[in-house]
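Morning, everyone. I have one structure to walk through today. Please look at the screen.

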Amino acid sequence: SRLNGAGGETLNYTIAFRNGGDVPAKSVVVRDELPAGLKFFPGSLKMNNRPLTEAADADEGEVAGQRIE
């Protein structure tokens, strides 16, 4: 909920989404670019508190540069 941080400080960056329709969504991809100045910390990607790998593999997560999916 804070808008500012100091250099070198670790912060949590959360992406949230919701299906507002009446039908379950299938094959949804949520994609976001980290804002300039932020650096992704390897090993920190999670979905519903479950760890994910950063690689394009069998789990739901992938990190490529500043893009998180």
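I will go through the sheet, the core, the pocket and then some single residues.

First, the ground rules. This is a predicted model, so local features need pLDDT of at least 70, side-chain atom pairs count only at pLDDT 80 or more, and totals for chains, interfaces and linings use all residues. Residues are numbered from 1 along each chain as its sequence is written, and side-chain values use heavy atoms, with hydrogens and water left out.

Now the sheet. Strands here are DSSP runs of at least two residues, marked E and numbered from the N terminus. Three of them form an open sheet, in the order E1-E5-E4, with antiparallel pairing. Which strands stand at the edges? Strand E1 (32-33) and E4 do; each has a single partner strand, so one side of each is left without a neighbour in the sheet. Two strands count as paired if DSSP finds at least two bridges between them. E4 and strand E5 (residues 67-68) have two bridges, in the antiparallel sense. One detail to keep: Val63 has Ile68 in E5 as its bridge partner.

That brings us to the core. By nonpolar core I mean buried Ala, Val, Leu, Ile, Met, Phe, Trp, Tyr and Cys residues joined through side-chain atoms within 4.5 Å. Buried is under 20% relative accessible area, exposed is over 50%, and partly exposed is in between, with a 1.4 Å probe and protein chains only. The largest such core has six residues: Leu34, Phe40, Leu45, Leu52, Val63 and Ile68. So what does Ile68 touch? Contact means heavy atoms within 4.5 Å. Setting aside neighbours within four places in sequence, Ile68 is in contact with Val30, Arg31, Asp32, Leu34, Phe40, Leu45, Glu62 and Val63.

Ile68 turns up again in the pocket. The largest pocket has 39 lining residues, and Tyr13, Ile15, Leu45, Lys46 and Ile68 lie nearest its centre. How is a pocket found? The search runs on a 1 Å grid over the protein atoms alone; a pocket is an open set of points where a 1.4 Å probe fits, with protein on both sides within 12 Å along at least five of seven lines, and lining residues have an atom within 4 Å of a point. The space in the largest pocket is about 1,300 Å³. By class, its lining has 20 nonpolar, eleven polar and eight charged residues.

On to the loops. Asn48 and Asn49 both sit in the loop between E2 and E3. Phi of Asn48 is near 50°, a positive value in a residue other than glycine. Asn49 also has a positive phi, about 70°, and is not a glycine. Are they buried or exposed? Asn48 counts as exposed, at 76% relative accessibility. Asn49 is exposed too, with a relative accessible area of 65%.

Next, Ala55. Its place is the loop between strand E3 (50-51) and strand E4 (63-64). Ala55 is partly exposed, at 40% relative accessible area. Not counting residues up to four places away in sequence, Ala55 touches Gly61 and Glu62.

Last, some distances, C-alpha to C-alpha. Val29 lies in the segment before E1 and is exposed at 54%. Val29 and Glu69 are 40 residues apart along the chain, and 6.8 Å separates their C-alpha atoms. Lys39 is in the loop between E1 and E2, exposed at 77%. Lys39 and Gly65 are 26 residues apart in sequence and 9.0 Å apart in space. Thr14, in the segment before E1, is exposed at 68%. Thr14 and Lys39 are 25 residues apart in sequence and 14 Å apart in space.

Key:
Helices (H or I, at least four residues) and strands (E, at least two) are DSSP runs, numbered from the N terminus. Grid points are joined across faces, edges and corners, and a volume is the space filled by probe spheres set on the points. Ala, Val, Leu, Ile, Met, Phe, Trp, Tyr, Cys and Pro count as nonpolar, Asp, Glu, Lys and Arg as charged, and the others, Gly among them, as polar.
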